[in-house]
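This briefing covers a few local features of one structure. Please look at the sequence and the model first.

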Amino acid sequence: MIDLPLLLAFAAAAALLTVTPGVDTAIVLRTATLEGRRQAVLAAAGICLGCLAWGVAVSLGLGALLQASELAYTVVKFAGAAYLIWLGARLMLNPRPSFGSGPDGATAAASGQAFWRGLLTNLLNPKVGVFYVTFLPQFVPLGADVAGYSFFLACLHVLLSLAWFAVLIAATIPLGALLRRPALTRALDRLTGGVLVAFGVRLAASSGT
């Protein structure tokens, strides 16, 4: 059962939330600019898979458990905050000297690193699960299976995210040559690192409600 006006309302709200600047946007932009299209696609895929995993968890009732359990929420929250702060501090303290090298001057990371970076950023953020628990049910039509329809809405959110990431990647690729200059590479790494640390601190200081 699909309520078209309700579905369109969800699509509009989810699209607005998707394009609102956040840690996912920062990761994809930085990856697209400094590591290229392929790595950015992998990062975006990791982010979306993380969202999809939370969608499955919510449909199975795990998201509600996370919302209800202060201990579970706190453990996942601080794990996610620690990961973001570590990732950001690494970029700030050891920015890459040039395009094609790692934060410590080594060769560029293996292709899977961008994917895991995106995936872990979402899996270790309990706010995603709590957001799905509180946001998705508002758009489930009367009489529909809440679990199944919530997962359907989560999938729609993932598709909107993929479309937005595709726009970001397409927009930054033409600027890649300019932004890969050594001084700008270091500046972008430090800027992205600062954003990630800020989001990590914000996550650590947030409540479960």
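Which residues are buried in α10? This is a predicted model, and in its helix α10 the buried residues are Thr-185, Asp-189, Thr-192, Gly-193, Leu-196, Val-197, Gly-200 and Leu-203. The points below start with that helix, then turn to the nonpolar core, a histidine and an aromatic pair.

**Helix α10**

- The helix covers residues 182–205.
- At 1.5 Å a residue, its 24 residues should span 34 Å; the end C-alpha atoms lie 35 Å apart, so the two values agree.
- An α-helix has 3.6 residues a turn, so residues three or four places apart point the same way.
- Leu-191 also lies in α10.
- Leu-191 is exposed because its relative accessible area, 54%, is over the 50% cut-off.
- Met-92 is 99 residues from Leu-191 in sequence, yet their C-alpha atoms are 7.4 Å apart in space.

**Largest nonpolar core**

- In soluble globular proteins, nonpolar side chains tend to be buried together.
- The largest nonpolar core here has 39 residues.
- Phe-10, Val-28, Tyr-132, Leu-136, Leu-153, Phe-165 and Leu-196 touch the most other members.
- At least two core residues come from each of α1 (4–19), α2 (23–35), α3 (37–59), α5 (70–93), α7 (126–135), α8 and α10.
- The helix that gives the most is α3, with nine residues.
- Leaving out residues up to four places away in sequence, Phe-10 touches Phe-135, Leu-136, Phe-139, Leu-153, Leu-156 and His-157.

**His-157**

- This histidine is found in helix α8, which runs over residues 146–172.
- Is His-157 buried or exposed? It is buried, because its relative accessible area of 12% is under the 20% cut-off.
- Its side chain makes a polar contact of 2.7 Å with the side chain of Tyr-132.
- Beyond residues up to four places away in sequence, His-157 touches Phe-10, Ala-14, Thr-18 and Tyr-132.
- Two of these partners, Phe-10 and Tyr-132, are among the core residues that touch the most other members.

**Aromatic pairs**

- A pair of aromatic rings is described by the distance of the centres and the angle of the planes.
- The model has three aromatic pairs.
- In one of them, Phe-115 and Trp-116 have ring centres 5.6 Å apart.
- Their planes meet at 80°, over the 60 degrees needed, so this pair is edge-to-face.
- Trp-116 is partly exposed, because its relative accessible area of 49% falls between the 20% and 50% cut-offs.

Technical notes
Residues numbered from 1 in each chain as written. Predicted model: local features only at pLDDT ≥ 70, side-chain atom pairs only at ≥ 80, totals over all residues. Heavy atoms only, no water. Helix = DSSP H or I, 4+ residues; strand = E, 2+ residues; numbered from the N terminus. Buried < 20%, exposed > 50% of the residue type's maximum accessible area, 1.4 Å probe, protein only. Polar contact = N/O pair within 3.5 Å; in protein donor to acceptor, adjacent residues only side chain to side chain. Contact = heavy atoms within 4.5 Å. Core = buried A, V, L, I, M, F, W, Y, C linked by side-chain atoms within 4.5 Å. Phe/Tyr/Trp six-rings, centres within 6.5 Å; stacked < 30°, edge-to-face > 60°. Expected span 1.5 Å × (residues − 1).
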